[in-house]
Amino acid sequence: MVQVLKLEELEKTYRTTEIETRALDKVSLEISPGEFVAVMGPSGCGKSTLLNILGLLDRPNAGRYWFFGEEIARYSERRLTQLRREKIGFVFQSFNLIDDLSVADNVEVGLIYRNVSASERKKRVKAALERVGVAHRAGHRPQQLSGGQQQRVAVARALVSNPKLILADEPTGNLDTANGEAVMGLLKDAAASGVTVVMVTHSLTHAAEAQRTLKLLDGRVVSETLLAL
């Protein structure tokens, strides 16, 4: 079986005139299709850097990365952008919704650059909002929604393009317990449908709902726990 994501001896170093920081230090791992993986660790351990590289937003300094079976080291920025649009959905702690657009338009943004017809976009936006339980808010602006509803919209935006991979960076960090559990349920449902989910979190409770947890420290994977089959 082709692994969705495979990292081999990956390194990422940030340099300034005065200091060099190694954010990732020879990280090797594999993530299978439909797997739900939680990434944990203290601030500054490399979690966000790892997520950025997995999401083709940043490049490693050394090592190899296979994305859906493709070794992407020499890919152009244009090709990486195309892969992001075709295969990845992002969910952020701060929601990253556009205040001047309606809920429906925010979700539709996920389809604008994918050559999807207007009628098909409308159909898929409606289905995505129904999936996350906020279809009745389609005409509202983000600021008219609660934090939990805004994060549901962000998940709908990630799902609307039928991605192969969802990368979630602290998706429950700004939510209360009930809304956090609701968002976790949506991510678990996505994984159950075959979407690969990688989530950065500080919450032990939410990490325990993933199938596997990776713990990072000083840019290295220091432990790995299989939580569910």
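1. Contact here means heavy atoms within 4.5 Å. The model is predicted. With that cut-off, and leaving aside neighbours within four places in sequence, Leu129 is in contact with Val103, Ala104, Val107, Val134, Ala135, Ala138 and Ala156.

2. Leu129 belongs to the largest nonpolar core, which has 38 residues. Phe36, Val107, Leu129 and Ile166 have the most contacts inside this core. Helices 3 (103-112), 4 (118-132), 5 (147-159) and 6 (177-192) each supply at least two of its residues.

3. The buried set is Val103, Ala104, Asn106, Val107, Glu108, Gly110 and Leu111. Note that Asn106 and Glu108 are in that buried set. The cover over these residues includes helix 4 and helix 5. An α-helix has 3.6 residues a turn, so residues three or four places apart point the same way.

4. Which residues make the nonpolar surface patch of about 370 Å²? They are Ile98, Val109, Ile112 and Tyr113. Ile112 lies in helix 3. Ile112 counts as partly exposed because its relative accessibility is 40%, between the limits of 20% for buried and 50% for exposed.

5. Four strands form an open, antiparallel sheet in the order 2-1-4-5. Strand 2 and strand 5 (70-71) are the edges, each pairing on one side only. Strand 1 (residues 5-15) pairs with strand 2 (residues 20-31) over 8 bridges, in the antiparallel sense. These two strands form a hairpin with 4 residues between them. Arg15 has Glu20 of strand 2 as its bridge partner.

6. Strand 1 also pairs with strand 4 (residues 62-67), antiparallel, over 5 bridges. Leu5 stands opposite Phe67 of strand 4. Glu11 stands opposite Ala62 of strand 4. In a regular strand the side chains alternate between the two faces of the sheet.

7. Two backbone angles need checking. Most residues other than glycine have a negative phi. Glu9 is not a glycine, yet has a positive phi of about 55°. Glu9 lies in strand 1. Its relative accessibility is 39%, so Glu9 counts as partly exposed. Asp218 also has a positive phi of about 55° and is not a glycine. Asp218 sits in the loop between strand 9 (212-217) and strand 10 (220-226). With a relative accessible area of 59%, Asp218 is exposed.

8. How many salt bridges are there? The count comes to 14. Glu11, Arg22, Asp25, Lys26 and Arg220 are linked in a network of them. Within that set, Asp25 forms a salt bridge with Arg22, the closest N and O atoms being 3.3 Å apart. Is Asp25 buried or exposed? Asp25 is buried, because its relative accessible area is 11%, under the 20% limit. Arg22, at 40% relative accessibility, counts as partly exposed.

9. Arg59 and Glu77 meet in a salt bridge of 3.1 Å, N to O. Arg59 lies in the loop between helix 1 (47-54) and strand 4, and Glu77 in helix 2 (residues 77-87), so the pair ties together parts 18 residues apart in sequence. Both partners count as partly exposed: Arg59 at 28% relative accessibility and Glu77 at 48%.

10. Glu224 and Arg212 also form a salt bridge, with the closest N and O atoms 2.6 Å apart. Glu224 is in strand 10 and Arg212 in strand 9, so this pair links distant parts of the chain, 12 residues apart. Arg212 counts as buried because its relative accessibility is 8%.

Terms used. Residues are numbered from 1 along each chain as its sequence is written. This is a predicted model: local features need pLDDT of at least 70, side-chain atom pairs count only at pLDDT 80 or more; totals for chains, interfaces and linings use all residues. Side-chain values use heavy atoms; hydrogens and water are left out. A nonpolar core is a set of buried Ala, Val, Leu, Ile, Met, Phe, Trp, Tyr and Cys residues joined through side-chain atoms within 4.5 Å. Buried means under 20% relative accessible area, exposed over 50%, partly exposed in between (1.4 Å probe, protein chains only). Two strands pair if DSSP finds at least two bridges between them. Patches are made of residues with over 30% relative accessible area and no salt bridge: like charges are joined within 9 Å, nonpolar side chains (Val, Leu, Ile, Met, Phe, Trp, Tyr) within 5 Å. Accessible areas come from the Shrake-Rupley method with a 1.4 Å probe; for residues, only the protein chains shown count as cover. A salt bridge is a side-chain nitrogen of Lys or Arg within 4 Å of a carboxyl oxygen of Asp or Glu.
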